[in-house]
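Let's take a look inside a protein model together. Have the sequence and the 3D view open as you read.

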Amino acid sequence: MTQNMPLISIIVPVYKVENYLDRCVESIVNQTYKRLEIILVDDGSPDNSPAICDSWSERDPRIKVIHKRNGGAAEARNAGLDVASGEYIGFVDSDDYIDKDMYRCMLAELEKSCADIACCKSLTVSNDDENACVPRGTYDVKFLNSKETVEAIFAFRIGTSFWRRLFHKNLFDDIRFPIGEINEEYPLLVPLAAKSSGTVLIEKVFYYYRDRSDSVTGTLHKSLSTLRCVKKNLELMRSQLSKYKLDDVKNFSFFVAKNSFNMLLSILKNYRTLEGETLELYKSYYNMAKENKWAFFRSKQTSLKDKLLLVLLLTGLYKKIIDIRK
């Protein structure tokens, strides 16, 4: 009977996670949905992670291991996509773990709704509370068509991370993650949503995201490459809306304002002086925040504190306060 059930391919990029990998793979192996293809992509990890991957593949025939030179998370995910044979595709970060019913429930909701994407909720955990779990029970489900999905992403009602999603494989027929980019998921958000029949939102925590200050994502906002990448992605997404005839979607102005707001704060927090490229990026984000400020101010998701902070940023008072403190 299991052979008649859809195969789900789960792609796990692996890099320098020897202390967390066992927990991650164990949570996937122990899924109540058994027809899985688990693809561990060793991205040239210099620690004991490659050996741990091989050990798991010897214990469970559903596990495939790819060993490759280090190329980053996007390249590792693409390597997994190239060999995946499942009808559905999921992604799990190798330092995180998942609820045992995650893929059973997500697949069931996909099949009931005829959607191409399922999206669940996540819970951030630290190393001190890694045994945290959410009580079981019923949960609400909501279907969004492709346009509503894009609007929900721009309103931050749906997280941008791919690890909380389950996709129909057909969506990736002509789409891959951009190599060498930070926030490599952003360029795929609009195309995948536009190609899909819709998204089913599952109001239940199935994914446990480990908050690590030493991880790649833990240091992103401090890097100049991140500041470049976010600006590039915002411009790309604007052009994608035209390409997919989604110019009239709601919430994009808020999405631009929110990201610009975050980048302005990051620049002022992490750079003692504004000069050269940093200054040019600051000016770009300032202009984007200014152009889209009313969407930021009117949004119910914007706290009073953040509204006041944006006023201080746009009037230059926030920078003066930071300069005094420095």
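This is a predicted model: local features need pLDDT of at least 70, side-chain atom pairs count only at pLDDT 80 or more; totals for chains, interfaces and linings use all residues.

Residues are numbered from 1 along each chain as its sequence is written, and side-chain values use heavy atoms, with hydrogens and water left out.

Let's start with the cores. A nonpolar core is a set of buried Ala, Val, Leu, Ile, Met, Phe, Trp, Tyr and Cys residues joined through side-chain atoms within 4.5 Å; buried means under 20% relative accessible area, exposed over 50%, and partly exposed in between (1.4 Å probe, protein chains only). The largest one here has 65 residues, and Phe91, Phe154, Phe162 and Phe172 have the most contacts inside it. Helix α8 (residues 252-270) gives the most to this core, 11 residues. Helices (H or I, at least four residues) and strands (E, at least two) are DSSP runs, numbered from the N terminus. There's also a second, separate core with 38 residues, including Ile28 and Tyr209.

Now for helix α5. Its buried residues include Thr149, Ala152 and Phe154, and the buried residues of α5 pack against β7, β8, α6, β9, α7 and α8. Just after α5, phenylalanine 156 has a positive phi of about 60 degrees.

Next, the second largest pocket, which holds about 310 Å³ of space. A pocket is an open set of points on a 1 Å grid over the protein atoms alone, where a 1.4 Å probe fits, with protein on both sides within 12 Å along at least five of seven lines; lining residues have an atom within 4 Å of a point. The volume is the space filled by probe spheres set on the points. β6 gives the largest share of the lining, 4 residues.

Finally, which loop holds serine 45? Serine 45 sits between β2 (36-43) and α2 (49-59), and it counts as buried because its relative accessibility is 8%. The table lists two of its polar contacts, meaning pairs of N or O atoms within 3.5 Å; within protein, one must be able to donate a hydrogen and the other to accept it, and residues adjacent in sequence count only if both atoms are side-chain atoms.

| Side chain of | Partner | Distance |
|---|---|---|
| Serine 45 | Side chain of aspartate 47 | 2.6 Å |

Definitions and conventions: Contact means heavy atoms within 4.5 Å.
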